[in-house]
Amino acid sequence: LAESCLRAGLPRPRTVHTSPQPLLAGTRHVRNYPAVAQAGRVRRLVHTRIEFERPVRGPMLVGGGRHLGFGLMFPLKDSRV
């Protein structure tokens, strides 16, 4: 995912946190999404929180499933302020 950010023209993330559990209220568990196959293999789906050193404007679309509607991310309120 860090490499996907770089390919999208974003800075390298400070941290990338993945989880099968929802990271936002109202989001479904990854097992409730349809299976995604690319190049003959099923891709593992995860929820992700990406943190950057400096603010990045969103929403942004990153990751291998972005062309299928996955990977849409939006900014959360900066907890450091």
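**Note on the salt bridges and surface of a predicted model**

1. Arg-14 and Glu-53 form a salt bridge, with their closest N and O atoms 3.7 Å apart. Arg-14 sits in the loop between H1 and S1, while Glu-53 sits in the loop between S4 and strand S5 (60-61), so this pair ties together parts 39 residues apart in sequence. The model is a predicted one. Glu-53 is exposed, with a relative accessible area of 54%.

2. Arg-14 also forms a salt bridge with Glu-51, where the closest N and O atoms are 3.7 Å apart. Glu-51 belongs to strand S4 and Arg-14 to the loop between helix H1 (2-7) and strand S1 (15-19), so the parts joined here are 37 residues apart in sequence. Arg-14 counts as partly exposed at 37% relative accessibility, and Glu-51 counts as partly exposed at 34%.

3. Glu-3 is partly exposed, at 43% relative accessibility, and Arg-12 is partly exposed, at 47%.

4. A nonpolar patch on the surface is formed by Leu-1, Val-16 and Val-46, with about 190 Å² of accessible area together. Val-46 is in the loop between strand S3 (41-43) and strand S4 (47-51). Its relative accessibility is 30%, so Val-46 counts as partly exposed.

5. Ala-39 is in the loop between strand S2 (36-38) and S3. Is Ala-39 buried or exposed? Ala-39 is exposed, because its relative accessible area is 85%. Its C-alpha atom is separated by 32 Å from that of Ala-25, 14 residues apart along the chain.

Notes:
Residues numbered from 1 in each chain as written. Predicted model: local features only at pLDDT ≥ 70, side-chain atom pairs only at ≥ 80, totals over all residues. Heavy atoms only, no water. Patch = residues over 30% accessible without salt bridge, like charges linked within 9 Å, V, L, I, M, F, W, Y side chains within 5 Å. Areas by Shrake-Rupley, 256 points an atom, 1.4 Å probe, with all protein chains shown as cover. Salt bridge = Lys/Arg side-chain N within 4 Å of Asp/Glu carboxyl O. Helix = DSSP H or I, 4+ residues; strand = E, 2+ residues; numbered from the N terminus. Buried < 20%, exposed > 50% of the residue type's maximum accessible area, 1.4 Å probe, protein only.
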